[in-house]
Amino acid sequence: MSYRPRKLLWVCRAGALGLVLAFGVVSVLLPGRQGEGDAAFGPGDQIAFFGIGLLLAWAALQFTRVRVEADEHAVRIRNYVGEKVLPWQVVAAVRMDDGAPWASLDLHDDDTVALLAVQANDGAR
């Protein structure tokens with residue numbers, strides 16, 4: 001079984017596209033150099049501005065990496081930072097509390113691992 005958030009994927013993809021389009025349009029519309037003494041933007045500034053838009057879009061798309069994959073032996077969790085593989089023997093419970101934004105795993109050592117891929121706003125599947 002593999003699980004990824006649905007709404008988060010669409011929001012992040014739309015946001016990344018909006019960032020690239022907005023920074024692209026603004027970088028083209030930046031005023032060029034017209035005379036001495038006037039503060040203006042050159043081609044290097046325009047390219048850098050568009051590059052910043054690409055970096056921000058890339059950062060927004062990093063939120064789409066979250067995933068949970070489970071089989072009969074283990075559960076693989078990829079959150080925003082890092083990836084964990086936990087055998088089912090260390091898992092005490094899988095919880096989705098009322099009002100919680102995402103599910104979590106309770107482990108036998110009293111630790112909790114967030115399952116950011118299982119979002120409450122996606123509804124039942």
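The legends below describe close-up views of a predicted model. Local features are given where pLDDT is at least 70 and side-chain atom pairs only at pLDDT 80 or more, while totals for chains, interfaces and linings use all residues. Residues are numbered from 1 along each chain as its sequence is written, and side-chain values use heavy atoms, with hydrogens and water left out.

**View 1. The aromatic pair of Phe63 and Tyr80.** Rings of Phe, Tyr and Trp (its six-membered ring) are paired if their centres lie within 6.5 Å, with planes under 30 degrees apart called stacked, over 60 edge-to-face and the rest tilted; two aromatic pairs are counted by this rule. In the pair shown, Phe63 and Tyr80 are edge-to-face, at 4.9 Å centre to centre and with 80° between the planes. Phe63 belongs to the loop between helix H2 (43-61) and strand S2 (67-70), and Tyr80 to the loop between strand S3 (74-78) and strand S4 (83-87), so the pair ties together parts that are 17 residues apart in sequence. Helices (H or I, at least four residues) and strands (E, at least two) are DSSP runs numbered from the N terminus. Phe63 is partly exposed at 40% relative accessibility, and Tyr80 is partly exposed at 31%, where buried means under 20% relative accessible area, exposed over 50% and partly exposed in between (1.4 Å probe, protein chains only).

**View 2. Thr64 in the loop between H2 and S2.** Thr64 is buried, with a relative accessible area of 12%. Leaving out residues up to four places away in sequence, Thr64 touches Arg4, Leu9 and Cys12, contact being defined as heavy atoms within 4.5 Å.

**View 3. Strand S2 and its partners S1 and S3.** Strands pair if DSSP finds at least two bridges between them. S2 runs antiparallel to strand S1 (residues 2-3), to which two bridges join it, and antiparallel to S3, with four bridges. Glu69 of S2 stands opposite Ser2 and has Arg76 as its bridge partner in S3. A hairpin of three residues joins S2 to S3. The covered face of S2 carries Val68 and Ala70, and the uncovered face Arg67 and Glu69.

**View 4. The largest nonpolar core, with 17 residues.** Such a core is a set of buried Ala, Val, Leu, Ile, Met, Phe, Trp, Tyr and Cys residues joined through side-chain atoms within 4.5 Å. Val75, Ile77, Leu86 and Leu105 have the most contacts inside this core. Helix H1 (7-29), S2, S3, strand S6 (102-107) and strand S7 (112-119) each give two or more residues, and S7 gives the most, with four.
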